[in-house]
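Q: I am new to this structure and would like a close look at a single part of it. Please start there and then connect it to its surroundings.

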Amino acid sequence: MDRTSQRLLKEDRVHGDVMFPLAAYWVELPSGAHVLDTHWHEEAEFFMLLEGEILFQVDTEYFPVQAGEAVFIESGDIHAAYVLNESPCKFCALVFHPDLLASAQYDTIQQNTILPLQEKRQSFPRHIKPDIPWQQEVLRHLERMMEAYDSKVPGFEAFMKGSLLIMLSQIAVDGRSVNRSQSDDADTTKINRLKKIIIYIQDNYRDPIRTRDLSELIPMSEGQFCRFFKTMTRKTPVDYINSYRIRQAADLLRQSERKISDIALDVGFDNVSYFIKVFRKAMKCSPSEFRKGSGQSAGMGQLHS
């Protein structure tokens, strides 16, 4: 099984490759662990909760998700997930670029099925539940796709693409698809402001970042900005920046034997003791324990933005 979920949905990575822009991930989290920080990516995503109960955020909408249910996230949608109780959480994600489905030439399928999805005029429901028969069938397709990706038998790529097309045929029935091509102007403004802040953090996390620097990007007063940011992400700006830095540090711990103190400095912490304290709180283990492997499963869901 692909366990590269330490880099799950990281904006600067390619999911799959140019020839096949699709990837699947599995994540297991211990009781009370944080699920997903606020982030977005150009790919669309099916998020499937296997165990536990979470509160899912897409743009400015929040809704509870139970085990056995799924969420569809459009290309470019801001999304996050928060634990609702202290039970363990397990989920998987199927991430694909909508261009994967494009026809080699403009045909009826491209016109009536693919283009409406790309333009968000005919899309999947946000929340997919097993108690609705046709949505239960979508969930079964997703389960089979995850199994196929895991086994990677010859021809699995055709199965994955074909399954997505079949699922799109299921929402072509009247009353099943959702039109998201029109969005509320106020919400769009909030989302674009938040994206601008997140991009700045991703580009500058190695350097000192002041709340004032972030507030001036929008622009807002510092107090107004802090309220806005916490409303959108459920984190203070400092907590969000620290969480992003910890995810970068975890990648470096897995990929190299560099000193922990050097890694701490590289990701923007100027105090090693503070870095270890923040790392332990986020990942439920120390940096050295994480490197040894005992803490990796505890941190899987933390490591994307």
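In which loop is Lys284 found?

A: Lys284 lies in the loop between helix H9 (272-283) and helix H10 (287-292). Helices here are DSSP runs of type H or I of at least four residues, strands are E runs of at least two, and both are numbered from the N terminus. The model is predicted, with local features needing pLDDT of at least 70 and side-chain atom pairs pLDDT 80 or more, while totals for chains, interfaces and linings use all residues. Residues are numbered from 1 along each chain as its sequence is written, and side-chain values use heavy atoms, leaving out hydrogens and water.

The backbone of Lys284 has a positive phi of about 65°, although this residue is not a glycine. Lys284 counts as partly exposed because its relative accessibility is 47%; buried means under 20%, exposed over 50% and partly exposed in between (1.4 Å probe, protein chains only).

Lys152 also has a positive phi, of about 50°, and is not a glycine. Lys152 sits in the loop between helix H2 (133-151) and helix H3 (156-170). With 41% relative accessibility, Lys152 is counted as partly exposed.

The two helices on either side of Lys152 have axes that come within 10 Å and cross at roughly 170°. Axes are lines fitted to C-alpha atoms, for helices over the stretch in contact, and angles run from 0 to 180 degrees between N-to-C directions. H2 and H3 are therefore roughly antiparallel to each other (over 145 degrees; under 35 is roughly parallel, 65 to 115 roughly perpendicular, the rest oblique). From H2, the residues making the contact include Trp134, His141, Leu142, Met145 and Tyr149. From H3, they include Phe156, Phe159, Met160, Leu164 and Met167. Contact means heavy atoms within 4.5 Å.

H3 is also one of the partners of helix H1, whose buried residues pack against strand S6 (70-73) and H3. H1 covers residues 108-118, and its buried residues are Gln110, Thr113, Ile114, Pro116 and Leu117. At the start of H1, a side-chain oxygen of Asp107 comes to within 3.3 Å of the backbone nitrogen of Ile109. Just after H1, Lys120 takes a positive phi of about 65°.

Helix H4 (residues 185-204) contains Ile191. Ile191 counts as buried because its relative accessibility is 9%. Leaving aside residues up to four places away in sequence, Ile191 touches Asp59, Ile78 and Met232. Ile78 is 113 residues from Ile191 along the chain, yet their C-alpha atoms are separated by 7.3 Å.

One more loop has a backbone feature. Pro219 is found between helix H5 (211-217) and helix H6 (222-233). The bond joining Ile218 and Pro219 is a cis peptide bond, with omega about -5°.

Methods: Polar contact = N/O pair within 3.5 Å; in protein donor to acceptor, adjacent residues only side chain to side chain.
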